[in-house]
Amino acid sequence: MSAEDFLSRVELISPTEFAKQKVQAVQDYILLSAQALANLFRRPLYIADILQQADLIGVGSLSITVLAGTFTGAVLAMNSASTLQRFGSLSLIAQLVSVGMVRQLGPVITGLMVAGRNASGMASELGSMVVTEQIDAMRALGTDPVKKLVTPRIVSTTVMLFFLTILSDLFGLLGGSAVATLLLGLDFRQYWTDAWQILAFADVFTGLIQPVFYGFVIASVGCYYGMATSGGTQGVGRSTTQAVVASSVLILAVDAFLTRALTLLLGFR
Amino acid sequence: MALSSQMFPSEARVQPPSDAIVFENVELIFEHKPVLDGISFRLPHGETKAIFGAAGAGKSTILKLALGLLKADSGRIFVLGEDITEMTEDRLFELRSRVGIVFQESALFDSLNVRENVAFRLTEEGKIPEEQIDQRVREALSFVELENTIDMLPSELSGGMRRRVAIARAIITKPEVLLYDSPTGGLDPITSTNIIELLVKQRDVYKTSSLLVTHRLQDAFVMATHCFDRASGHMKRLPPGSKAEVPMSFLILRDGKVIFDGDAHELAHTRDEYIKKYLS
């Protein structure tokens, strides 16, 4: 296809129409999310589907979570070591890694990794079902696709991300301890004592409330883009990309708002 | 009826149950373009109506509207005597248990095997014991002569087999109305004839009302000129002159409008130039 042919096929959308489409998309996303949450209180609950998704999302994301957590903790320790050394405070490295991982990096890194793996998976799976009329077939066979497909994914992702974040925090601390003991020559036992003692309720609460929100964002965004797919296989590819981009950006945006809200609620340390 | 609908506009109207499906002046617009423009027709109980039209004429859309998968912009649609125009999704789920559909590309669930696909509705209802579901799945698969595929995945089946499994899935609840969306599209002539024979069997043995969307004129004409012979287990050609006994009619769409609605005899003697060209 020549450049001229391509340009002649490009449809120009007026700013008003563009704005309408975006508002419509936000409205559809909110409706889908609300419907999926409301389904938690309606039978059937599709426990088997929830467990299957928990296995796919949780167990399936175990390796990337562990690796991402370990390397993040190790890099955090290495990067902060030179600065701390300058002030003669190398012994604070355990506290820095601990608070950094538990409070912020663990949840966000895990959220982004799981978003990359699962929001894309959900969007492509549901998108394929839409373009092959399987979603229509499900409705025709008397089953609500939101209840059967979306709600179990949201529940599973939210629950599993919580546990994956705990694992990521733990492996981040392990990565930090490897750097602290093997490269910087600090005492292993002292590292873990410092890392444990520095943590306060506010840190743990802040770190563990985030995955609940991120899990919801990942699954609801992935499912929304999947269910809104149009335009055949090309559309499935587009939805998959959009789901990863939107969920990653939303995680960072929610992080910013959540950090501010939790700081106001729990106070600075 | 009209007066009551004016007085109680939100109240669902009830059509006398003489017709399986009724479309009253139905309009549907997609992206500012009319897809259906004042469509009206009725499908009497026990009859099969073949819907023809060029690609994009709105044939498949009619099936989706009849099942409530799409909502009309105006007009009214009655299915089995109930007005589905304003019906909620929950009430539609109940009504859909009395209507079966075979999608254009079968729309079998990739991750489920044949048994799970065919049993999907019964399993979801959760009221029927497992043994009874198994028995009904085997009955439905036996109807389409595919009992040996029960444990196979859709990806392991040929196009024709997938279509037949889709028919088994549609008929497992013994629906009163069946909607077929191009059931022979993309299939070889022998497989197409086998599918048409199943449709004739369903029409003549179970007296199911159906809408058949197809591009293949010969399929509809075979249905109009054949009946199912229970003794031989195959369809047989009707003797000349007895065509009117077959409950079969034709609907032709052009640019979102109905340009023909009648039986095979009327279709064969039409004077409409477009239809003549279409038939040739």
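Analyst: One term to begin with: a residue is buried if 20 or more other C-beta atoms, placed from the backbone, lie within 10 Å of its own, exposed if 12 or fewer, and partly exposed in between. This is a predicted model, where local features need pLDDT of at least 70, side-chain atom pairs count only at pLDDT 80 or more, and totals for chains, interfaces and linings use all residues. Residues are numbered from 1 along each chain as its sequence is written, with chains lettered from A and ligands numbered from 1 in the order in which they are written.

User: Ok, why does A:Asp55 count as exposed?

Analyst: Because A:Asp55 has 12 C-beta neighbours inside 10 Å. A:Asp55 sits in helix H3 (residues 47-59) of chain A; helices are DSSP runs of H or I, at least four residues, numbered from the N terminus.

User: Switching to chain B: which domains is it divided into?

Analyst: Domain 1 (2-98 + 175-279) and domain 2 (106-174) of chain B, with bounds from an automatic or database domain assignment. Their centres, taken over C-alpha atoms, are 24 Å apart.

User: How many residues does the contact take from each domain?

Analyst: 11 residues from domain 1 of chain B and 11 residues from domain 2 of chain B, where contact puts C-beta atoms, placed from the backbone, within 7 Å. On the domain 1 side, helix H8 (residues 189-206) of chain B gives the largest share, 5 residues.

User: And between the chains?

Analyst: That contact takes 14 residues from chain B and 11 residues from chain A. H5(B) supplies the largest share of the chain B side, 3 residues.

Key:
Contact = placed C-beta atoms within 7 Å. Helix = DSSP H or I, 4+ residues; strand = E, 2+ residues; numbered from the N terminus.
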